[in-house]
Amino acid sequence: MLATEHADLAQQFLRDADREYEADDIFQASEKLWGAASHVAIAEMHRRGIRAQKHAAISQFVKRFADEVEEPILFAWFKAAEALHSNFYHGWMEDHQFEENRELVNVFVNRMLELTSPN
């Protein structure tokens with residue numbers, strides 16, 4: 001997959017998450033939000049020639065990228081996506097937690113797209 005395809009997929013996952021949420025499927029919405037966050041990070045990894053072979057590699061990249069662009073909040077927003085990924089498997093989130101994390105992931109994906117999209 002090309003970097004642009006990962007970025008497009010991230011946006012598609014955000015739309016899919018909205019649909020799943022509207023259908024009251026919080027588990028699937030959680031995983032789609034994780035997918036959006038991970039794919040937007042993978043897009044930038046690909047642009048830089050970095051292989052995204054494991055979950056930990058994506059997380060480490062986001063931390064380094066956040067430091068590089070001097071926006072440490074990016075990593076906190078990404079951690080919200082990781083929590084949603086966990087929620088998909090374990091269903092531990094209360095509705096208000098899901099809502100908060102959903103919002104943070106949307107902000108993360110959109111900010112990453114702003115920072116990484118070619119001008």
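What percentage of the contacts in the chain with a separation of 6 or more is accounted for by residues 24 or more positions apart? The share is 59%, where contact means heavy atoms within 4.5 Å. The model is predicted, so that local features need pLDDT of at least 70 and side-chain atom pairs count only at pLDDT 80 or more, whereas totals for chains, interfaces and linings use all residues. Residues are numbered from 1 along each chain as its sequence is written, and side-chain values use heavy atoms, with hydrogens and water left out.

**View 1. The whole chain, with five helices and zero strands.** Helices (H or I, at least four residues) and strands (E, at least two) are DSSP runs numbered from the N terminus, and along the sequence they give the pattern α-α-α-α-α. The chain is as compact as a globular protein of its length, because its radius of gyration is 13 Å, close to the 14 Å that the globule rule gives for 119 residues; the radius is taken over C-alpha atoms, and the rule is 2.2 Å times the number of residues to the power 0.38. The C-alpha trace spans about 35 × 25 × 25 Å along its principal axes. Of the 119 residues, 44% are buried, where buried means under 20% relative accessible area, exposed over 50%, and partly exposed in between (1.4 Å probe, protein chains only).

**View 2. Helix 1 and the residues that it buries.** The end C-alpha atoms of helix 1 are 29 Å apart, which agrees with the 28 Å that its 20 residues should span at 1.5 Å a residue; the expected span is 1.5 Å times one less than the number of residues. Among the buried residues of this helix are His 6, Ala 10, Phe 13 and Ala 17, and the buried residues of helix 1 pack against helix 2 and helix 5. An α-helix has 3.6 residues a turn, so residues three or four places apart point the same way.

**View 3. Helix 2 around His 39.** Helix 2, residues 26-47, has 22 residues and reaches 32 Å from its first C-alpha to its last, close to the 32 Å expected. This helix is mostly covered, with 17 of its 22 residues buried. His 39 is itself buried, with a relative accessible area of 16%, and, leaving aside its neighbours within four places in sequence, His 39 is in contact with His 6, Ala 7, Leu 9, Ala 10 and Phe 13. Gly 49, which follows helix 2, has a positive phi, near 75°.

**View 4. Trp 92 in the loop between helix 4 and helix 5 (95-116).** The relative accessible area of Trp 92 is 40%, and the residue is partly exposed. Leaving aside its neighbours within four places in sequence, Trp 92 is in contact with Ala 83, Ser 86, Asn 87 and Gln 97.
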